[in-house]
2 protein chains.
Amino acid sequence: MKRRTRICELLAGEGLGEDVEVRGWVRTNRVGKNVAFLAVNDGSCLASLQLVAAPELANFPQICAIATGAAVVARGRLVESPASGQRYEVHAERLEVVGTSDEQYPLQKKRHSFEYLRSIAHLRPRSNTFGAVFRLRSSLAQAVHRFFAERGFLYVHTPIITTNDCEGAGELFRVTTLDPAAPPLVAGAVDFSQDFFGERAGLTVSGQLEGELFAQAFTDIYTFGPTFRAENSNTPRHASEFWMIEPEMAFADLMADAALAEEFLRFLCRHVLDHCREDLEFFNEHIDRELIARIEAVADSSFAMMEYAEAIDRLRRAPVSFEFPVQWGLDLQTEHERYLTETAVGGPVFVVNYPKEIKAFYMRQNDDGTTVAAMDLLVPKVGEIIGGSQREERLDLLAPRMAELGIPPDSLWWYLDIRRWGSTPHAGFGLGFERLIMYLSGMENIRDVVPFPRTPRHAQF
Amino acid sequence: MKRRTRICELLAGEGLGEDVEVRGWVRTNRVGKNVAFLAVNDGSCLASLQLVAAPELANFPQICAIATGAAVVARGRLVESPASGQRYEVHAERLEVVGTSDEQYPLQKKRHSFEYLRSIAHLRPRSNTFGAVFRLRSSLAQAVHRFFAERGFLYVHTPIITTNDCEGAGELFRVTTLDPAAPPLVAGAVDFSQDFFGERAGLTVSGQLEGELFAQAFTDIYTFGPTFRAENSNTPRHASEFWMIEPEMAFADLMADAALAEEFLRFLCRHVLDHCREDLEFFNEHIDRELIARIEAVADSSFAMMEYAEAIDRLRRAPVSFEFPVQWGLDLQTEHERYLTETAVGGPVFVVNYPKEIKAFYMRQNDDGTTVAAMDLLVPKVGEIIGGSQREERLDLLAPRMAELGIPPDSLWWYLDIRRWGSTPHAGFGLGFERLIMYLSGMENIRDVVPFPRTPRHAQF
């Protein structure tokens with residue numbers, strides 16, 4: 001298939017002096033005395049290409065009337081631009097409008113609030129900010145796959161519909177085909193044996209448990225797929241549907257897990273610095289003036305590590321008054337995490353070995369009897385960005401722990417099974433993909449880094 | 001992070017003559033008079049590495065008792081193997097069992113039926129066949145991203161939870177947090193305004209409509225995510241949850257669409273021939289003797305193209321009696337598709353321009369008034385593998401067509417909107433990822449190419 005020329009290539013000077021074809025959407029149309037200047041964008045990069053149209057063109061009157069938002073196809077010569085702010089422009093020899101626009105077009109030149117733009121999520125990708133956000137998102141997603149592919153990790157599609165609840169939390173969406181108005185009842189309770197899957201089913205909150213199964217066959221695996229939380233919370237950091245990256249390694253302990261997390265995060269920082277520079281500079285100018293400096297610092301730093309107990313100790317001695325209590329046995333809040341990474345350490349820091357009561361059943365119990373081999377990676381500005389653990393691989397410790405927490409062994413027989421034959425020390429972590437994009441773009445609302453966000457009472461488009 | 005040596009690297013001779021570390025699961029343990037031979041597999045490739053353990057090892061008696069399925073870690077020298085069937089082996093200087101096994105281990109050496117293996121989907125990745133299947137799946141998924149990344153396509157995560165139904169089909173899973181036993185009713189009907197999203201929501205059947213929105217900003221985009229069908233059909237080709245790849249291109253017609261589909265499928269065939277050779281050879285020997293020849297033929301052939309009308313004509317004149325009727329206006333069945341690609345053409349063939357009545361509302365109406373710009377790509381052995389179309393970009397044709405089919409315009413106001421401002425001719429297609437894996441592995445049941453398949457009454461693991 002013959003490749004089409006993209007505007008990012010033309011702006012890099014590919015085809016200079018030659019006849020090229022340009023396709024895209026008009027961002028602005030500035031009509032001078034004897035010429036029209038059209039800024040055309042095709043989404044391949046932030047910048048628009050300037051099309052210069054002269055009155056010699058048969059449809060020049062029509063060209064002068066082209067409104068913002070119209071789709072055009074043009075042919076012409078790519079030349080150096082005499083104007084400042086751009087190196088190249090195209091002198092149109094033909095310019096055709098394939099899709100008109102008008103003054104009703106919702107993305108006029110004036111600035112719009114992010115909140116308004118969420119209501120036109122079908123059009124906001126054509127704006128500078130959201131063009132940059134979704135290019136960054138795509139580039140990062142592809143880089144995630146490249147990172148793991150280069151390291152021999154197997155990509156596994158863990159199930160979306162599930163009959164188990166990984167974290168033991170109740171915030172599951174139910175998936176059903178039962179008649180919603182008249183569900184089959186037995187003694188007042190719904191008879192899920194008549195539902196599509198023959199039992200109660202829901203949307204996954206994590207692919208970890210199934211990922212562990214695959215790690216016990218392929219050694220190094222990762223998942224990258226959608227996960228769901230039915231929490232009724234309206235915050236800038238929570239969405240009902242989001243994507244997670246969850247690597248899992250057999251024959252690996254907590255230190256190997258932390259080493260992978262550090263390598264991964266630094267790789268992703270380096271990736272956006274090297275491959276998304278134009279968009280990053282846009283974010284740095286318009287969204288967060290510290291962005292590039294912060295990403296560079298993470299990309300170049302070596303991450304610190306601190307025991308949970310030490311973290312508590314340092315927080316208690318901190319000359320700061322926190323909103324939430326600091327005490328051994330309580331989870332860290334964002335304010336605590338940010339103090340640790342921003343003030344106490346001054347860079348990324350792993351906090352490891354948390355009290356077992358505040359962590360999930362599957363985490364490996366340490367010999368002290370009170371902590372588990374958990375790790376959270378904290379980074380400046382946001383606090384926790386990655387959470388992981390070594391998993392309990394010893395059946396004689398896992399089974400009693402599940403019993404203690406009231407998790408019926410029958411519900412996870414297969415999870416116990418892989419501890420029965422050829423069990424290995426293994427570890428993994430989870431990185432919320434939207435959190436990552438927010439961190440690397442400076443965008444502060446998760447609704448603005450998801451193409452079509454799902455939150456309580458919102459599932460449009 | 002220091003990389004760990006993988007068995008596929010050792011079997012390629014990396015580190016020959018050096019001390020290496022080996023980790024994996026024991027496939028067989030053959031104990032001779034003065035030596036134990038352990039075949040160890042870590043999932044990085046099909047082949048196992050032979051570990052040779054001599055009686056000098058302090059734990060030799062324990063080594064001799066290692067059962068199939070145990071997890072071991074060994075150190076030793078990588079040397080050329082005197083035995084046939086393998087070039088290298090490791091002479092163990094230390095061999096530690098990290099996870100024992102016993103004769104209850106369900107994957108003993110004897111052959112198991114695929115049906116039985118489905119019941120132990122947590123362990124089947126440790127078998128030769130499923131190791132090969134899931135390596136192929138992972139390698140293909142990563143190759144899909146590489147294909148599009150290299151061509152500047154933007155990866156978009158279209159929503160999983162949706163309030164619209166792309167194809168107009170009713171086979172949706174409902175997603176809800178309402179009390180299943182006592183849903184809120186208004187006049188006998190469920191009051192979905194009280195549900196989590198404030199309206200009736202379900203799982204997506206396709207990301208196409210949202211993909212189109214992004215193509216109207218980024219020109220070339222693709223989706224690759226899970227999709228769902230609540231059809232109560234138990235066939236080897238249908239699953240309730242499966243992954244789809246859906247590219248969409250602005251400024252593109254049906255011919256550009258077909259060109260991309262051809263380039264894509266040939267790339268994927270070439271990819272597995274070049275990068276999954278060992279696993280392909282396994283499939284060719286054990287699953288389908290024609291496999292590699294068939295893939296090579298597709299990789300090297302130029303695809304034919306045929307009008308639907310001509311296809312009907314040739315089917316009617318075929319010296320074959322079909323089970324299903326052949327008539328202009330009826331959809332093609334698999335038997336028809338296979339005849340066309342296998343007998344009529346003898347290779348991959350696009351059938352284009354189908355009657356509009358048997359295709360979706362969004363396909364572009366041809367000037368003849370009776371057909372739409374649809375294409376199906378048919379390949380030997382399976383029939384249709386890719387389906388796509390040019391989309392109706394003309395508002396004045398799309399809106400009446402939707403009305404004709406009873407689709408309320410309010411439900412897709414955003415889809416209509418992108419035809420209002422800057423509309424472009426655009427086209428795309430869908431490739432079911434599991435169909436692709438079946439095609440490239442010879443596996444005949446979709447349940448055997450999905451890690452943890454979801455089908456009616458089955459959502460285990």
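Reply: Salt bridges and the chain interface

Over all chains, a search of the whole structure finds 56 salt bridges, a salt bridge being a side-chain nitrogen of Lys or Arg within 4 Å of a carboxyl oxygen of Asp or Glu. This is a predicted model, in which local features need pLDDT of at least 70 and side-chain atom pairs count only at pLDDT 80 or more, while totals for chains, interfaces and linings use all residues. Residues are numbered from 1 along each chain as its sequence is written, chains are lettered from A and ligands numbered from 1 in the order in which they are written, and side-chain values use heavy atoms, with hydrogens and water left out.

In chain A, A:Arg277 and A:Glu296 form a salt bridge with an N to O distance of 4.0 Å. A:Arg277 belongs to helix 7 (residues 277-286) and A:Glu296 to helix 8 (residues 291-300), so the pair ties together parts 19 residues apart in sequence; helices (H or I, at least four residues) and strands (E, at least two) are DSSP runs, numbered from the N terminus. A:Arg277 is partly exposed at 32% relative accessible area, and A:Glu296 is also partly exposed, at 32% (buried means under 20%, exposed over 50%, partly exposed in between, with a 1.4 Å probe and protein chains only).

In chain B, the side chains of B:Arg419 and B:Glu212 meet in a salt bridge at 2.8 Å, N to O. This pair links distant parts of the chain, 207 residues apart: B:Arg419 is in the loop between helix 12 (413-417) and strand 18 (426-432), and B:Glu212 is in helix 5 (residues 208-218). Both residues, B:Arg419 and B:Glu212, are buried.

A salt bridge also joins B:Glu262 to B:Arg266, with the closest N and O atoms 3.2 Å apart. Both lie in helix 6 (residues 254-275) of chain B, four residues apart, and so are separated by about one helical turn. B:Glu262 is buried at 16% relative accessibility, whereas B:Arg266 is partly exposed at 28%.

Between chain A and chain B the count of salt bridges is zero. The chains do touch: 123 residues of chain A are in contact with 123 residues of chain B, contact meaning heavy atoms within 4.5 Å. Strand 8 (residues 174-176) of chain A and strand 8 (residues 174-176) of chain B run antiparallel and are joined by three bridges; strands pair if DSSP finds at least two bridges between them. There, A:Val175 has B:Val175 as its bridge partner.
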